[in-house]
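Let's take a friendly walk through a protein model, one topic at a time. Have the sequence and the 3D view open as you read.

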Amino acid sequence: MTLPQLAGGADLALLAARLVIGGFLIYGVWDNIVSAERMAEFEKFLTVKGFALPGLMAPLSVYAQFLTGVAFIAGFAIRWAGLICAFNFIVALVMVDAPLGIRPAFPAAALVVIGLLFATIGAGRLSIEGMFAPQRR
């Protein structure tokens, strides 16, 4: 009933989750990184939403999300990356998405939970961290 045989695939499932979530995070900000116009649009969006210091917050959020995605994919510093991801999307949830309702807020809420999950369970064996961690039995 508990399907213990599936536990053997936990590291592969964690790798898949890291790759998908990391790729999604990078994809979500890539246009802001390669285009000054898109970064300016994001800064203007933050201004309209009432963020303090939007000229600082826009690139800070973009690069935090980008580096978090890279860390998730590589499986390096994933606990810190998970905390940064959770914090970044808590801010997005509170400042932007929550007033829109549950459906529009779900992606940000899911990324908060995923960030906390990665922060608590780590990267797994199929990661840069896993290459240097002592083997568990």
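The lining of the largest pocket has 20 nonpolar, five polar and four charged residues; here Ala, Val, Leu, Ile, Met, Phe, Trp, Tyr, Cys and Pro count as nonpolar, Asp, Glu, Lys and Arg as charged, and the others, Gly among them, as polar. A pocket is an open set of points on a 1 Å grid over the protein atoms alone, where a 1.4 Å probe fits, with protein on both sides within 12 Å along at least five of seven lines; lining residues have an atom within 4 Å of a point. Of the 29 lining residues, F42, S61, Q65, N88 and A92 lie nearest the centre of the largest pocket. About 800 Å³ of space lies inside.

This is a predicted model, where local features need pLDDT of at least 70, side-chain atom pairs count only at pLDDT 80 or more, and totals for chains, interfaces and linings use all residues. Residues are numbered from 1 along each chain as its sequence is written, and side-chain values use heavy atoms, with hydrogens and water left out.

Which helix gives the largest share of the lining of the largest pocket? Helix 4 does, with nine residues.

Now look at helix 1 (residues 10-34) and helix 5 (residues 102-121), whose axes come within 12 Å and cross at roughly 135°. That makes helix 1 oblique to helix 5. In this contact (heavy atoms within 4.5 Å), helix 1 uses L14, A17, R18, I21, F24 and L25, while helix 5 uses L111, I114, F118 and I121. By class, nine of these residues are nonpolar, none polar and one charged.

Conventions:
Axes are lines fitted to C-alpha atoms, for helices over the stretch in contact, and angles run from 0 to 180 degrees between N-to-C directions. Helices (H or I, at least four residues) and strands (E, at least two) are DSSP runs, numbered from the N terminus. Angles under 35 degrees count as roughly parallel, over 145 as roughly antiparallel, 65 to 115 as roughly perpendicular and the rest as oblique. Grid points are joined across faces, edges and corners, and a volume is the space filled by probe spheres set on the points.
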